[in-house]
Amino acid sequence: MTEQVSQIVIAVDGPAAAGKGTLSRLLASHYRLSHLDTGLTYRATAKALLDRGLPLDDEDMAAEIARTLDLGRLDRSVLSAHEIGEAASKVAVMPKVRRALVEAQRVFAATPPGSVLDGRDIGTVVCPNALIKFYVTASPEVRARRRHDEITANGGSADLDGILADIIKRDARDAERADSPLRPASDAHLLDTTKMSIETAFEAARILVDAALEH
Ligand code: C5P
């Protein structure tokens, strides 16, 4: 796989519900870049397996689905369900699936006018030459609370303790897998949003991006 990025790319990584999606959308809109939530690509692959009644560890079938995924048709409202996130993290341990999705993500990243990609391995694997990299994190308790509030604000019901347990389990699965584990790139800027609003994190990120663009 060749990295074909020559456009401006902003890489945003971090664990589930740390605020990286919101931060990425704010950055994309501010700098007029396109945005790809790469988590949706793993979610769409997992959902296609579930819809067909196939096991989540069928690597060849999952890779085939991943290769034919249309990045323009990722429907967040359908894919954002909590259970699909769980399923996605199981699909995401399989190297053939990762290879197919990373290839598509790199094509997206290389397309003008440039892009913000958010995920787990953007700064380390997908776009190691990104203009600037952020690693957004927060305590598991704060992330569970945010996810809980998001679900209830949308009229759903949620169990805070269950969400916290799932977040801890998913962090471990993402950080301990052999292929592209979740970890900050050595040159990533850390943004801990435990006690910081996403808007404040955006301001901090904007100043750093402006400085990187001046160089
Ligand atoms: O970010 P989101 O919660 O939508 O991601 C769902 C799952 O997809 C993650 O828990 C992770 O296992 C996987 N993922 C990944 N690499 C990415 C983005 C997501 O492994 N770049």
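A residue is called buried when its relative accessible area is under 20%, exposed when over 50%, and partly exposed in between, using a 1.4 Å probe and protein chains only. The model is predicted, so local features need pLDDT of at least 70 and side-chain atom pairs count only at pLDDT 80 or more, while totals for chains, interfaces and linings use all residues. Residues are numbered from 1 along each chain as its sequence is written, and side-chain values use heavy atoms, with hydrogens and water left out.

**Helix α2**

- Helices (H or I, at least four residues) and strands (E, at least two) are DSSP runs, numbered from the N terminus.
- Helix α2 covers residues 39–51, which is 13 residues. From first C-alpha to last it reaches 18 Å, close to the 18 Å expected at 1.5 Å a residue; the expected span is 1.5 Å times one less than the number of residues.
- Just after α2, G53 adopts a positive phi of about 70°.

**Helix α2 against helix α6**

- Two packed helices are described by the angle between their axes and the distance between the axes. Axes are lines fitted to C-alpha atoms, for helices over the stretch in contact, and angles run from 0 to 180 degrees between N-to-C directions.
- The axes of α2 and α6 lie 10 Å apart, at an angle of about 135°. This makes α2 oblique to α6, because angles under 35 degrees count as roughly parallel, over 145 as roughly antiparallel, 65 to 115 as roughly perpendicular and the rest as oblique.
- The crossing of α2 and α6 is right-handed; a crossing is right-handed if the near helix is turned clockwise from the far one by less than a right angle, and left-handed if anticlockwise.
- T41, Y42 and T45 of α2 meet V97, R98, L101, V102 and Q105 of α6.
- By class, this contact of α2 with α6 has 4 nonpolar, 3 polar and 1 charged residues. Ala, Val, Leu, Ile, Met, Phe, Trp, Tyr, Cys and Pro count as nonpolar, Asp, Glu, Lys and Arg as charged, and the others, Gly among them, as polar.
- Q105, in helix α6, counts as buried at 0% relative accessibility. Leaving aside residues up to four places away in sequence, Q105 touches L36, T38, T41, Y42, L117 and V126.

**Helix α5 against helix α9**

- The axes of α5 and α9 come within 10 Å and cross at roughly 20°, and the two helices are therefore roughly parallel to each other.
- α5 passes α9 in a left-handed crossing.
- H82, G85, E86, S89 and K90 of α5 meet D166, K169, R170, R173 and D174 of α9. By class, the contact of α5 with α9 has no nonpolar, 3 polar and 7 charged residues.

**Backbone features in loops**

- Most residues other than glycine have a negative phi, and most peptide bonds are trans.
- A17, in the loop between β1 (9–13) and α1 (20–31), has a positive phi near 60°. A17 counts as buried at 14% relative accessibility.
- S180, in the loop between α9 and β5 (189–192), has a positive phi of about 50° although it is not a glycine.
- A cis peptide bond with omega of about 10° joins P112 and P113, and P113 is found in the loop between α6 and β3 (115–119).

Technical notes
Contact means heavy atoms within 4.5 Å.
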